Amino acid sequence: MSHPLTRPRRTRQSDAWRRMVRETRLSPDALIYPLFAVPGRGVRHPVSSMPGISQLSVDELVKDAKAVAAMGVLAVLLFAAPSEKDPHASAALDPKGLAAQAISALKDACPDLLVWADVCLCGATDHGHCGHVLPGGAIDNDTSVETLARVALNYVRAGADAVAPSDMMDGRVQAMRHLLDRQGLTTTPIVSYAAKYASSFYGPFREAAESAPAFGNRRSYQMDPPNVREALREVLLDIEEGADMVMVKPAGPYLDVIRRVRDAVTVPVAAYQVSGEYSLIKAAAERGWLDERAAVLETLTGIHRAGADLIITYYAPQVARWLVAS
Ligand code: PBG
């Protein structure tokens, strides 16, 4: 049956009709907000490439966490940029290090806000790579995995509600699960950055996390953007190793990957709308070239429609506010 009998516009003719037949609904419950910790007190250092986002000392971080929790955000994703960086990522392993301090301060101040701790070596190493560097410059998988598991243990002991490995080494999820379980920490979920691509859209983040590699690039560990079957392989491996949730990152340019992953697994799927995706909407909005609110809601709806159950976004508090107001 076709036109004139069938007219899809009938259920599109008013706001009430459109709302009734809407297939995808965003909820603040699905949004996770990234936070960047830096040393010091009273520090709010704006990230120039990410208007509205600042690096925060722990005392300020706690204030923002309280504010975003009050807006209805259920979880934050914590990144730390300690000042002491060395080849061993010592600051990330230190129970009194910046990340551990930030985690415990967040949990003290906002016990109900879920704190996901990003686990990687790049913010704490002097070379800025996500794993240990061998003489000659290659990234050594298996020693990196051992260190990453110890970093995860440190963050869980500090109070993290989940650990989120973002390094893309092989076998890190299994190593983390084993170490946590051996220490009796069997209840902490692992949110794996399972399909993380070597993306140009991380550019602004590297200023915020002070994690740009000092030499080379991340293409020997992060995924090659043209590949999607390989993303399924990564995701299935991580689930086998014990991941409780998997992530696709970035989100916007990888909607097909999100859909394929959603259809292939039964665990929750998260997608990360990364710094470059945020900054390009901000930059256009600041120039008056597009309507920021409409563009943000459209990108997040698209990511959700593609199959992401959860979305990590720098817009989380603002969107939570918009959704409550609408
Ligand atoms: C660290 C890490 C990165 C991001 C999250 N964790 C950067 C990178 O891999 O270079 C990117 C987040 C963003 O761009 O918003 N491994």
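The model is predicted. Its ligand sits in the largest cavity, and 18 residues surround that ligand. The largest cavity holds about 330 Å³ of space, while the largest pocket has a volume of about 560 Å³.

**The ligand and its surroundings**

- The residues closest to the ligand are Arg206, Gln222, Lys249, Ser275 and Tyr314.
- By class, the shell around the ligand is made up of 10 nonpolar, 3 polar and 5 charged residues.
- Arg206 places a polar side-chain atom 2.7 Å from an oxygen atom of the ligand.
- In Lys249, an N or O atom of the side chain is 3.3 Å from a nitrogen atom of the ligand.
- In Ser166, an N or O atom of the side chain is 3.4 Å from a nitrogen atom of the ligand.
- Taken alone, the ligand exposes 400 Å², and the protein buries 100% of that area.

**The cavity**

- Rolling a probe the size of a water molecule over the atoms shows where empty space is left.
- The count comes to 1 cavity of 30 Å³ or more.
- The largest cavity is lined by 31 residues, and those closest to its centre are Phe79, Asp118, Cys120, Cys122 and Phe205.
- Two strands, β4 (75-80) and β5 (114-119), each supply at least two residues of this cavity's lining.
- Two helices, α3 (90-93) and α7 (203-209), also each supply at least two residues of the lining of the largest cavity.
- The lining of the largest cavity divides into 21 nonpolar, 5 polar and 5 charged residues.

**The largest pocket**

- The volume of the largest pocket is about 560 Å³.
- There are 14 residues in the lining of the largest pocket, and Arg22, Thr24, Arg25, Leu26 and Leu323 lie nearest its centre.
- Two or more residues of this lining come from each of α1 (15-20), α11 (292-306) and α12 (316-325).
- Helix α11 gives the most to the lining of the largest pocket, with 4 residues.
- Sorted by class, the lining of the largest pocket has 7 charged, 4 nonpolar and 3 polar residues.

**The second largest pocket**

- The second largest pocket has a volume of about 210 Å³.
- Its lining has 15 residues, and the ones nearest its centre are Gly252, Gln273, Glu277, Ile281 and Thr299.
- The elements that give two or more residues to the lining of the second largest pocket are α10 (275-286) and α11.
- Helix α11 provides the largest share of the lining of the second largest pocket, 5 residues.
- Of the residues that line the second largest pocket, 8 are nonpolar, 4 are polar and 3 are charged.

**Backbone details**

- Pro4 belongs to the segment before α1, and α1 is one of the elements that give two or more residues to the lining of the largest pocket.
- Pro250 is in the loop between β10 (245-249) and α9 (255-264).
- Ala89 is not a glycine, yet its phi is positive, at about 60 degrees.
- Ala89 lies in the loop between β4 and α3, and both of these elements supply at least two residues of the lining of the largest cavity.

Notes:
Residues numbered from 1 in each chain as written. Predicted model: local features only at pLDDT ≥ 70, side-chain atom pairs only at ≥ 80, totals over all residues. Heavy atoms only, no water. Near = heavy atom within 4 Å. Polar contact = N/O pair within 3.5 Å; in protein donor to acceptor, adjacent residues only side chain to side chain. Areas by Shrake-Rupley, 256 points an atom, 1.4 Å probe, with all protein chains shown as cover. 1 Å grid on protein atoms, 1.4 Å probe; cavity = no way out; pocket = protein on both sides within 12 Å on 5 of 7 lines; lining within 4 Å. Sits in = over half its atoms within 2 Å of the grid points. Nonpolar A, V, L, I, M, F, W, Y, C, P; charged D, E, K, R; others polar. Points joined across faces, edges and corners; volume = space filled by probe spheres on them.
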